[in-house]
Amino acid sequence: MDNTTERTLSKVPEVTLIFWVIKIAATTLGETGGDTVSMSMSLGYLVGTAIFAAIFLFAVAAQIKAKSFHPFLYWTTIIATTTVGTTLADFADRSLGIGYAGGASLLFILLMASLFIWYRSLGTVSVNTISSPKAEMFYWMTIMFSQTLGTALGDWTADTAGLGYGGGLMVFSALLALVAAVYYWTNTSRTILFWAAFILTRPLGAVVGDFLDKPLSAGGLALSRYSASAALFAFMLTCILFFKQRAAEKAH
């Protein structure tokens with residue numbers, strides 16, 4: 001690959017079907033993995049958040065330092081955002097007593113503020129422009145807020161709203177299907193639809209993750225968080241190895 005080609009590529013993957021498959025698996029892994037550390041290992045939400053925040057910061061620094069798109073580094077950073085999002089949302093909702101509604105509302109405001117500042121600073125929030133350190137900082141901050149918001153939304157829907165894990169799965173699957181329909185049958189901004197889908201995959205992963213590891217009495221399958229996390233990781237690894245992902249072409 002010559003230098004001219006490298007300059008035309010973003011540092012994030014092309015948005016394809018396999019991107020969304022891996023993204024949903026990653027968000028589900030974030031739920032089971034975050035709960036493994038904070039609950040199964042009995043480290044608590046605050047310690048779990050500190051551990052995953054350190055991993056997140058290290059991964060983001062490595063991602064920004066990289067000269068081009070690297071699938072394993074990119075998805076490691078995504079997993080880091082979703083695990084820290086899980087423990088951080090649980091800490092805010094449960095330990096601080098904000099509640100799911102309060103936590104979701106606060107995180108929604110932070111997410112919108114991140115997108116707004118990003119847009120005002122660079123003139124776009126398109127993922128096809130992620131090539132400069134400044135754009136990457138906005139990108140990963142926005143993703144971290146969206147992952148944390150998704151955890152709170154998933155828990156709110158399944159628990160407070162009383163829909164349960166099956167009901168939450170149906171709600172968020174239907175919303176994602178609606179986004180897909182708008183994508184194929186209208187001219188709505190692709191950037192807006194991307195972020196809508198990106199945000200919605202997180203609560204979907206949250207309710208699926210909880211469904212896998214919560215006890216039967218709570219409507220879950222009572223699977224081991226360790227085994228569920230290992231299976232999800234193996235699935236992601238298989239997808240990354242067997243389905244080659246290309247860097248998105250940089251918008252000009």
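Mentor: The helix α2 crosses α9 in a left-handed sense, where left-handed means that the near helix is turned anticlockwise from the far one by less than a right angle, and right-handed that it is turned clockwise. Helices here are DSSP runs (H or I, at least four residues), numbered from the N terminus. The model is a predicted one, in which local features need pLDDT of at least 70 and side-chain atom pairs count only at pLDDT 80 or more, while totals for chains, interfaces and linings use all residues. Residues are numbered from 1 along each chain as its sequence is written, and side-chain values use heavy atoms, with hydrogens and water left out.

The axes of α2 and α9 lie 9 Å apart, at an angle of about 155° (lines fitted to C-alpha atoms over the stretch in contact, with angles from 0 to 180 degrees between N-to-C directions). The two helices are therefore roughly antiparallel (over 145 degrees; under 35 is roughly parallel, 65 to 115 roughly perpendicular, the rest oblique). Their contact (heavy atoms within 4.5 Å) has 15 nonpolar, six polar and two charged residues, with Ala, Val, Leu, Ile, Met, Phe, Trp, Tyr, Cys and Pro counted as nonpolar, Asp, Glu, Lys and Arg as charged, and the others, Gly among them, as polar.

Turning to α3, we find that α2 packs with α3 at about 130°, with axes 8 Å apart, which makes α2 oblique to α3. The crossing of α2 with α3 is right-handed, and the contact joins G33, G34, V37, S38 and M39 of α2 to G44, Y45, G48, I51 and F52 of α3. By class, the residues of the contact between α2 and α3 are five nonpolar, five polar and no charged.

The loop between α2 and α3 holds S42, whose phi is near 60°, a positive value in a residue other than glycine. S42 counts as exposed because its relative accessibility is 61% (exposed is over 50% relative accessible area, buried under 20%, partly exposed in between, with a 1.4 Å probe and protein chains only).

A contrasting place is Q147, in helix α6, which counts as buried because its relative accessibility is 0%. Leaving out residues up to four places away in sequence, Q147 touches K23, T27, I78, T81, T82, G85, F198 and R202.
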